[in-house]
Amino acid sequence: MKIKSSFLLLLIGITLQAQQKNATNSKSISPDLIGIFFEDINYAADGGLYAEQVQNRSFEYAPSDKSGWNSLTAWDYIAWGFGYGTVSVETSSPIHPNNPHYAVLNIEDAGREGIGLKNSGFDGMVVKAGEKYNFSVFLRQLSESAVPFAVKLYNRKGKLIGETTLSTQSKDWKKYNATINITQSSDTADLVFLATGKGKVAIDMVSLFPEKTFKNRPNGLRADLAQTVADLQPKFMRFPGGCLVHGDGLGNMYRWKNTIGPVEQRIAQKNIWGYHQTAGLGYFEYFQFCEDMGAKPLPVVAAAVSCQNSGGTWRIGGTGQKGIPQTEMPEYIQEVLDLIEWANGPATSTWGAKRTEAGHPKPFNLEYIGIGNEDKITPEFETRFKQIYDVVKAKHPEITIIGTVGPAPQGEDYELGWKIARELQIPMVDEHYYEKPEWFIANQKRYDSYNRADSKVYLGEYASRGNSLFNAIAEAAYMTSLERNGDIVWLTSYAPLLAKAGHTQWNPDMIYFNNTTLFRTPNYYVQQLFSVNQGDTYFQDIIAPAQSKADSTLAFSCVQDSKTKDVIIKLVNCSKKEHKLKVDLSQFKNLSSKATLALLTGSAENKNSFEEPNKIMPKTTDFKVSPKFGYSTQPMSLTVIRIKSKK
Ligand code: AHR
């Protein structure tokens, strides 16, 4: 009896000790830590993710988009069979006032083959044999008699590889749809829209989409690109920018209402990165993409000030910031409230009804909204931010508002931004920094000392200025510190996400693509390995260097995912030497010995490219663990070991 009770006491003691260890060596961390940031930079949207093949489909290109551009940029007038006529651009009776320009084709003689317009897309159109393409166009017949048209796709050798015909049926604007079957693949096809009879016609919104878009959505996304993004399994997506949001001057600010509804009624505008945005990929499509990926939407609205670098003033010190006039602020604030209603309101609400009209009666479950993007913290900014913040906070306490603290990890805007965040008790602030890999390795303690009572952090933009394996591994080391601080660092996203070869304004980026293919950078794989291996509890003291002399080139983390109960350890070695680590899993009672091990390693300077897209990529193998084991991290490596829980 005596033995039994002392045994019981011992048992209770051990259990309490174990519980105490659990209580002290673990903490809850953000379930949303790894997301993505999509901005229409580097032709990420038009000519990229947005699957429209026709460039300047609505004749809205302008010299203010880019020097030398005009309404007929990307279009050629053709009269192949000795026909003659004229083409002009007019604005007197557009489909919609938001879309003012259209082409007018006056066919005096159609000749043997017809006269019309040719579009070469964004560096050529990509069409695949055996697949269907959806052609559409808006026409208004200006002559008495109907005008017949041929729609033809040619490869660069001039071979016809798909065609259809149509004829005008109305003296009012009318949309015509046709499906084109492609007989031979081409990466550089041209679309020819040819009047084959006499007459006069107004033409607008000439469009060609593959039938096979991501999830087969109409007005959808390029399937391979969207799938590569979705394969990151992001917990959220921030959009549509970046600098794109606050815009190059007040008139260029991204206004979400201009980007919803029928595409022919959306307002296209200059892209701050030096090209044109059609808004075909607009707020509905962004929210839908989030839903299709299982990511929470994180829209960012401007804090009612334009980019401080407007007009290129970054060259002379950032004086370009302008504030929306106070008389217009109530309307602007209402626009932000309307966005929340559009996303979350019932189908019976004014803006919920517009979401329903677009085909989505159910709410989008918006949880986060960003106000501002790395703005210069001026009195103009502060006043307007506070005006928007106070109203949104009062009317929507359920939404997490994210403020902004400048474009750098320190400095005046960072300090002032954080001061405002503390004063207003903003739930979260958005930090941005693009630094050298050495900075990321050296600054892994950055968030250890952040005051847990302050706003949470959204690390909305970061990258280590390169796409070599070393860059990616340095980012991986830093990401273990983001996990360690996942109680305060709530969201993170690498930036920028996408870049089109030959149209890149910003390097490095996570995914590079051209019209036909893409490659993932080592940075992509690091993001993906962390993202698909997220946990919501962080454990300390599970991993330790075997040698006492470890430095910041060695980094590690241990998390557990409450859904699967799997335990995941990440081991990063940024040095040129192998390093031994000790792992002690004995506190986890329900783990199997079965694990998977993903290893990303190689030469520090190695990069992926279109020629060698798979030079650096993770290799996954089965792995056996015991409650305590040693592991040698290879030089320049990230190892992710996922230990399965016993089912
Ligand atoms: O990610 C590219 C740009 O970097 C973003 O538009 C801006 O927020 C930052 O300066």
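Predicted model: local features only at pLDDT ≥ 70, side-chain atom pairs only at ≥ 80, totals over all residues.
Close-up 1. E374 is buried, with a relative accessible area of 14%. A second residue with this kind of backbone value is D123, whose phi is near 65° and which sits in the loop between β6 (115–119) and β7 (125–127). D123, however, is partly exposed, its relative accessible area being 47%. Most residues other than glycine have a negative phi, and most peptide bonds are trans.

**Close-up 2. Cis peptide bonds at G241–G242 and at A495–P496.** The bond from G241 to G242 is cis, with omega near 20°, and G242 belongs to the loop that runs between β14 (236–239) and α3 (243–246). The bond joining A495 and P496 is also cis, with omega about -20°, and P496 is placed in the loop between β22 (489–492) and β23 (498–500).

**Close-up 3. The largest nonpolar core, with W342 among the residues that have the most contacts inside it.** This core has 138 residues, and F38, Y283, L498 and L638 join W342 as those with the most contacts inside it. Helix α10 (residues 469–484) gives the most to the core, contributing ten residues. Leaving out residues up to four places away in sequence, W342 touches W256, I260, Y283, F284, F287, W351, G352, K354, R355 and F364. Another core, of 33 residues, lies apart from the largest one and includes V54, M125, V137 and F193. In soluble globular proteins, nonpolar side chains tend to be buried together.

**Close-up 4. The largest pocket, with about 900 Å³ of space.** Its lining is made up of 45 residues, of which P218, N219, V263, R266 and E285 are the closest to the centre of the pocket. Two or more lining residues come from each of β8 (132–141), β11 (174–181), β13 (199–210), α4 (283–293) and α6 (350–357), and the largest share, five residues, is that of α4. Sorted by class, the lining has 18 nonpolar, 15 polar and twelve charged residues.

**Close-up 5. The second largest pocket, with about 650 Å³ of space.** Among the 29 residues that line this pocket, C243, W273, N309, W314 and W506 are the closest to its centre. The lining of the second largest pocket has 15 nonpolar, seven polar and seven charged residues.

Close-up 6. C307 counts as buried, at 2% relative accessibility. For C574, the closest cysteine sulfur is that of C558, at 19 Å, again too far for a bond; C574 is likewise buried, with a relative accessible area of 6%.

**Close-up 7. Buried positions in helix α11 (residues 522–531) and at A226.** Ten of the ten residues of α11 are buried, so this helix is largely enclosed by the rest of the structure; among them are Y524, Y525, L529 and F530. A226, placed in helix α2 (residues 223–230), counts as buried because its relative accessibility is 0%. Neighbours within four places in sequence aside, A226 is in contact with L49, F214, L221 and F289.

Conventions: Residues numbered from 1 in each chain as written. Heavy atoms only, no water. Core = buried A, V, L, I, M, F, W, Y, C linked by side-chain atoms within 4.5 Å. Buried < 20%, exposed > 50% of the residue type's maximum accessible area, 1.4 Å probe, protein only. Helix = DSSP H or I, 4+ residues; strand = E, 2+ residues; numbered from the N terminus. Contact = heavy atoms within 4.5 Å. 1 Å grid on protein atoms, 1.4 Å probe; cavity = no way out; pocket = protein on both sides within 12 Å on 5 of 7 lines; lining within 4 Å. Points joined across faces, edges and corners; volume = space filled by probe spheres on them. Nonpolar A, V, L, I, M, F, W, Y, C, P; charged D, E, K, R; others polar. Disulfide = S-S within 2.5 Å.
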